[in-house]
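I set out to record what I looked up in this structure, entry by entry.

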Amino acid sequence: MADSHQTLVMKFGGTSVGSVDALARATQIIRDARAQYPRVVVITSAMSGVTDLLLKSATQAALGNVDSLPEAESSLREKHFSAADALMSNEQLREQTKGEINCLIQLLVDLCKAIAVLGEASPRALDAVASLGERMSVRLLGAVAESAGVSVKVVESGEFVITNSHFQNANPDFAATTEKIRGCLNPLLEEGIVVITTGFIGATPEGVITTLGRGGSDYSAGIIGSVLPADDVWIWTDVDGVMTADPRLVPAARTLPQISYSEIAELAYYGAKVLHPKTIRPLVEAGIGLRICNTFNPSHPGTRLIANGQSNGKVYKGEQVIKAVTAIRKQKLVTVEGRGMLGVPGVAARAFSAVASTGTSVPLITQASSEQSICFAIPSESADHVLRALQKNFAIEISERDIDRVWATEDVSIITVVGIGMRHIPGVAGRIFSKLGNKSVNVLAIAQGSSEVSISLVVDTADTEHAVKALHELIVQ
C-alpha cells in the first residue's frame, strides 16, 4: 500500500479534453501532477460532443437510417485526428494512435449496421456504442501525454471495474473491483507509470462492456480513488469549482472555496452540474479528499470538499449560513387528494409504488398533517405516464370518491437553498420566505429534511430566475 500523500486520481471532463488547446492543457496538468505525486491515475471522458454523436447514430440506426453514418465517421476522424496531428511529433506513435481510433470508428459503423438490421438498439448495444467515445479519447490523451515525455500506460476501465448486467446504469461489485484495481494498477503505479484510463465504462464478470450511466466518469474517479486508495481525487472541469449559483442566472455568483460532503450531495442532486451525484459516496466512506478544479484556469484553487463539520483546522472567514442556491426546471407537481385518505394507512405507499412502476424518480415530497393530500415533484416528461399509473392504482378509490382527484400542475421549478450552517441558526426559513415574498414570488410547495442542510421550494417556471437571484442575495458577500 502506498504511503499517504503519494497517490492522486484525476478525472478530466469532456470539455477538458475536447480540443487541441484543452488536451495540451490537460497534458501539462498531468506533468505537473506527476512531479508532485509519485503515483497518478488519470481518467478521461470522451471529447465533448462525441458521446451524443455516438448515441444519435445508434438511435437513427434503430429506425433504419444509416445514411448519416459516413458523416458521423468523418466528424469523429476530424475531431480526433486533427488533435493527434497537432500534438504528436512522433510520426510512428501518431499513425499508430490514429489507426487504433480508426478501428473504433469502424466498430461504431459495424454496430450501427447490426442495430439497423435488428431494428432496435438494446441497452447492451447502446453501452457498446456509448463506450467508444472514451475508448477513443483515452488512446488520444495517452499518446499526447507520451509525446510530452510522460511515462504512461493506457488501460480501459472495463478491465478492472466489475459490474452487474444492468446495462446503461450498471452498479459496481466493489469487492471484485477492489481486487482488480489493486492487482491491475498498483504494479504500474509502483513503477512510476501514469495510468490513463476510461471513465464511465465497466464490464460484467464475463467481460461484456457496461456503462455506469451518463456522467459516470466522476463516479469512476470516486470508485478508483476510494479503493486504491488515493490520497486525493481532483475533478477537472471547465468552471472554477462549485459556484454559489448558476452564473448564467446570477452574474454575481462566485466560487466556494470549500463545501461539505452533505452540501455537495444536495447540490448535485438538485441540479448543480459539477459532480455526478454518486461520486462522493465511496470517497466519503473512505475519508478521501476531493477537489474540483478548472482545466482552463489551473492556478485557481477551485473548491475543496471537506467532511461535514470539519474546516481543516481553520475558521473559514465569512462561513455562510447559506452556501448556494440551485434550480431544477421542467418539473411538475403531482397531487393525490381526497377526504377519504384521512387516517387510511398505505395510501402513500401505494402512490409511490405506482410512481416506481414507471421508473420515475421523485426529487421532492410534501404532505400535510391532515393526510388529505400527498404532493410530490416529478420530471415533466414523465407526468402523463405517472398520472395514468396513479389513476389505475387508485381506480376503486376514485370511483368511490375516497380520492377526489389525481392531477398535475403546469411546469414548475424546484429551487433549493443549501447550507450546513442552517442547522444551527434560527430564522433562516423566515428570511428565505420574506425574501421571496418581497420579490412577489409565490411558493407552491416546501420540503425540508431533518438534516436541515437544505430547504427546497417549488415555484412557477416564470419565477425561477427571480427566485434564484433573490435567494442568492442572502449569501454573505
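Entry 1: I began with F352, which is partly exposed because its relative accessible area is 23%; buried means under 20%, exposed over 50%, and partly exposed in between, with a 1.4 Å probe and protein chains only. F376 is buried, with a relative accessible area of 0%. I note that the model is predicted, that local features need pLDDT of at least 70 and side-chain atom pairs pLDDT 80 or more, while totals for chains, interfaces and linings use all residues. Residues are numbered from 1 along each chain as its sequence is written, and side-chain values use heavy atoms, without hydrogens and water.

I then looked up how the two rings are placed. F352 and F376 form a tilted aromatic pair, 5.0 Å centre to centre with 55 degrees between the planes. Rings of Phe, Tyr and Trp (its six-membered ring) pair if their centres lie within 6.5 Å; planes under 30 degrees apart are stacked, over 60 edge-to-face, and the rest tilted. F352 belongs to helix 11 (residues 347–357) and F376 to strand 13 (residues 373–379), 24 residues apart. Helices (H or I, at least four residues) and strands (E, at least two) are DSSP runs, numbered from the N terminus.

**Entry 2: the other rings.** How many aromatic pairs does the rule give? I found four. In one of them, Y37 and W234 have ring centres 5.9 Å apart and planes at 90 degrees, so I recorded this pair as edge-to-face. Y37 lies in the loop between helix 1 (20–36) and strand 2, and W234 in strand 7, so the pair ties together parts 197 residues apart in sequence. Both Y37 and W234 are buried. F12, Y37, W234 and W236 form one aromatic cluster. I also found R291 over the face of W234, at 4.6 Å from the ring centre; the rule asks for NZ of Lys or CZ of Arg within 6 Å of the ring centre and within 35 degrees of the ring normal.

Entry 3: I traced an open sheet of eight strands with mixed pairing, in the order 3-4-2-1-7-9-10-8. Two strands pair if DSSP finds at least two bridges between them. Which strands form the edges? They are strand 3 (152–155) and strand 8 (258–260), each pairing on one side only. Strand 2 (residues 39–44) and strand 4 (residues 194–198) pair in the parallel sense over four bridges. In strand 4, T198 stands opposite T44.
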